[in-house]
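Subject: Structure handover

Hello,

Here is the structure you were expecting. My notes on its charged pairs and its helix follow below.

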Amino acid sequence: MQECVEGCLSFPNRFVKTIRPQKVTIQALNEYEEEIIVEGEDEMAKCFCHELEHLDGMIF
């Protein structure tokens with residue numbers, strides 16, 4: 001886990017502390033409907049989690 005200070009382009013100049021995983025693995029489909037697996041660590045893990053929350057309907 002990592003403690004982060006996080007912002008969102010939807011809310012300029014607003015930041016919050018979050019706790020995010022240090023490493024994440026994402027399973028998805030690419031534009032050809034082929035399964036892909038992507039891993040992210042540190043900042044990329046934080047970004048993946050943030051964007052996936054948007055897909056789940058969470059704004060910030």
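The side chains of lysine 17 and glutamate 3 form a salt bridge, 3.9 Å from N to O (a salt bridge is a side-chain nitrogen of Lys or Arg within 4 Å of a carboxyl oxygen of Asp or Glu). Lysine 17 is in strand E2 and glutamate 3 in strand E1, 14 residues apart (strands, E, at least two residues, and helices, H or I, at least four, are DSSP runs numbered from the N terminus). Lysine 17 and glutamate 3 are both exposed (exposed is over 50% relative accessible area, buried under 20%, partly exposed in between, with a 1.4 Å probe and protein chains only).

This is a predicted model: local features need pLDDT of at least 70 and side-chain atom pairs pLDDT 80 or more, while totals for chains, interfaces and linings use all residues. Residues are numbered from 1 along each chain as its sequence is written, and side-chain values use heavy atoms, without hydrogens or water.

The salt bridge count is 5. Arginine 20 and glutamate 6 make one of 2.9 Å, N to O. Arginine 20 is in strand E2 and glutamate 6 in strand E1, so this pair ties together parts 14 residues apart in sequence. Arginine 20 is buried at 7% relative accessibility, as is glutamate 6 at 3%. A network of salt bridges links Glu6, Arg20 and Glu53.

In helix H1 (residues 43-55), the buried residues are Ala45, Lys46, Phe48, Cys49 and His50. Glycine 57 follows H1, with a positive phi near 95 degrees.

Regards

Terms used: Expected span 1.5 Å × (residues − 1).
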